[in-house]
Amino acid sequence: MATGQIFSRTTQALFYNYKPSPVQRMLDFDFLCGRETPSVAGVIQPGSEGFQKLFFGQEEIAVPVYSSIVSACKVHATADVFINFASFRSAFASSMEALQQPTIRIIAIIAEGVPEADAKKLIAYARANNKIILGPSTVGGIQAGAFKIGDTAGTLDNIIHCKLHRPGSVGFVSKSGGMSNEMYNVLARVTDGLYEGIAIGGDAYPGSTLSDHVLRFNNIPQIKMIVVLGELGGCDEYSLVDALQQGRVHKPVVAWVSGTCARLFKSEVQFGHAGAKSGGDKESAQAKNKALQDAGAIVPTSFEGLEAAVKATYEMLVRKEVIVPVKEVIPPTVPEDLNFAIKSGKVRAPTHIVSTICDDRGEEPTYAGVAMSYIIESNYGIGDVISLLWFKRSLPRYCTKFIEMCIMLCADHGPCVSGAHNAIVTSRAGKDLVSSLVSGLLTIGPRFGGAIDDAARYFKDAHDRGLSPYEFVESMKKKGIRVPGIGHRIKSRDNRDKRVELLQKYGRTHFPAVKYMEYAVTVETYTLTKANNLVMNVDGAIGSLFLDLLGSCAMFTQQEIDEIVEIGYLNGLFVLARSIGLIGHTFDQKRLKQPLYRHPWEDVLYTKYS
């Protein structure tokens, strides 16, 4: 065990098992104390490497992350404190590995309930190798104005209130981390504050004892008085009794052992800590308090009297000029995190993204305000989900059924169309699913798939302007534009597209009105007088019927309908549908283990013409 001061303003630590809050609290304490370098040298996260972004005052810094204890210790040879936030199940292995590193001098084990056999092994190794263990079941320790471990002393407001941003004259040691915070407050009220505070941990076998730290405090010149807070159970306090009786402690010691109420219970009592368990008379709080008092410690008659005893001792040392009260220091202001400041209403910050279709901040995600559980329990289909996320309202079932029909009918159109061909070639080149899918999707446009949007736009414009089929078709011809939604490579007047017939039948049966579809049919009648293959295709049927869906369901304003058509919602429908087929082609090629595609020479016209 060390014989004097164990922390300083240059102490650095390695943090095992990353926890954002305690690490940031350490860095905020550093800034509050005016440290030049952060106290957290690095983070150890098994299986991860890189860095974590944190704040050191106003400055954002990158704290390196290491995948192993050994690698972190090699890089940061001057970091001699290991703060272990591993669970009680894995605390032993990581703590022992850290103890075995020559650069590590102090380990704080935060986990509660480390198996006693494991704790004893760690303690034995640490003592044999002159190393210090705080814990298990500790919040750690703090040297005021210099260094603190994890969540010790709580929030910044509490740290400033307890004057921990600058050193005082009192050394404090306790089994309890929670009571440590209470006592730091007491010390700030009745003394010039804490110099160093340690919570040894509440488990039955802590890595260091109360007397270990009292003897250290006795050798630190800046510490003028010592305060000890013990608890019933175990015999740790008796080692302090022995040290006092042997004259090894020369500074005033104010002590109290909590748990005197245990005698009011008829049976054995287990308090908050594993070690705070009433046993025989010797382990009672009363017996320990009497032994400490007999050995020369200043022991009040109750816990309520502890503050007065500390105050009286401090004032006596001031009168004797043993203590010259330190001057107060105004700490710098630590900037608040933006998220916390926003929640507390102290600042307002503009948002960077606006979303009106979903919300995942509550207990469950919602689509356009409809809870996910309701969507599932109400047997919503994919058409219903599209209506919520695309149109921000629940469309009638005949509308969502039509959407689902469009997706099914447009999912695939064989391996030879440009999108499927691209996906197949990309898949056979060994690329992943996303690359193959995107390769196919990139071909969607005015000549492939995108004609749905154009068909809707042109049919709507011609109908709304009252153009006859003749006027519409001939005006398009003069502009050099083919009528979108009309024409097919295979289908003709005598060989109609079954998909078109199914869509038209569904519209006539279920839609309140199909004026745009019927207008498209009259256009088809006229174009068929010019050529047998100028029939309505799937793009034309979907485009015109979608106009009827939007107009006849009475859920959209005319402005909204115009906007939906202009934005390209119908093209989105084709993208969604065709993705199903493109993914299928990608999987098909990989399942068949097809080799790299090479286009045959005989299918290429090699010519010198330019």
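## Close-up views of a predicted model

**View 1. Helix α18 and the residue that follows it.** Just after α18 comes G480, whose phi is positive, at about 75°. The model shown in this and the following views is a predicted one.

**View 2. Helix α20 and its packing partners.** Helix α20 covers residues 515-527, 13 residues in total. From the first C-alpha to the last, α20 reaches 19 Å, close to the 18 Å expected at 1.5 Å a residue. Buried positions in α20 are Y516, M517, Y519, A520, V521, V523, E524, Y526 and T527. The helices packed against by these buried residues are α17 (451-464), α18 (469-479), α19 (498-510) and α21 (538-552).

**View 3. The crossing of α17 and α23.** Helix α23 is formed by residues 569-591, and its axis comes within 7 Å of the axis of α17. The two axes cross at roughly 155°. Because angles over 145 degrees count as roughly antiparallel, α17 is roughly antiparallel to α23. The crossing in which α17 passes α23 is right-handed. On the α17 side the residues that meet α23 are I452, D453 and A456. Their counterparts in α23 are Y569, L570, N571 and F574.

**View 4. The α15 and α16 pair.** Helix α15 (residues 418-428) packs with helix α16 (residues 433-441) at an angle of about 150°. The axes of α15 and α16 are 7 Å apart. At that angle α15 is roughly antiparallel to α16. As α15 passes α16, the crossing is right-handed. From α15, the contact involves G419, N422, A423, T426 and S427. From α16, S435, S436, S439 and G440 take part.

View 5. Strand β12 runs over residues 225-231 and is mostly covered, with seven of its seven residues buried. M225, V227, L229 and E231 point one way from β12, whereas I226, V228 and G230 point the other way. Residues in both of these groups are buried. β12 pairs with β10 in the parallel sense over five bridges. In this pairing, L229 of β12 is the bridge partner of S174. β12 is also joined to strand β13 (residues 253-258) by six bridges, and these two strands run parallel. On that side, I226 stands opposite V253 in β13.

**View 6. The three-stranded sheet β14-β15-β16.** Three strands make an open sheet in the order β14-β15-β16, and the pairing is antiparallel. The edges are held by β14 (358-359) and β16 (370-371). Each edge strand has a single partner strand, so one side of each is left without a neighbour in the sheet. Strand β15 (residues 366-367) pairs with β16 in the antiparallel sense over two bridges. Y367 stands opposite V370 in β16.

**View 7. The cis peptide bond at P136.** G135 and P136 are joined by a cis peptide bond, with omega at about 0°. P136 sits in the loop between β7 (132-134) and β8 (140-143).

**View 8. Loop lysine K163.** K163 is not a glycine, yet has a positive phi of about 60°. K163 lies in the loop between α5 (156-161) and β10 (170-174). The relative accessibility of K163 is 23%, so this residue counts as partly exposed. β10, at the end of this loop, is the strand that pairs with β12 in the parallel sense.

**View 9. Loop lysine K392.** K392 also has a positive phi of about 60° although it is not a glycine. The loop that holds K392 lies between α13 (382-391) and α14 (397-410). With a relative accessible area of 43%, K392 is partly exposed.

Definitions and conventions. Residues numbered from 1 in each chain as written. Predicted model: local features only at pLDDT ≥ 70, side-chain atom pairs only at ≥ 80, totals over all residues. Heavy atoms only, no water. Helix = DSSP H or I, 4+ residues; strand = E, 2+ residues; numbered from the N terminus. Expected span 1.5 Å × (residues − 1). Buried < 20%, exposed > 50% of the residue type's maximum accessible area, 1.4 Å probe, protein only. Contact = heavy atoms within 4.5 Å. Pairing = 2+ DSSP bridges. Axes fitted to C-alpha atoms, helices over the stretch in contact; angles between N-to-C directions. Parallel < 35°, antiparallel > 145°, perpendicular 65-115°, else oblique. Left-handed = near helix turned anticlockwise from the far one by under 90°.
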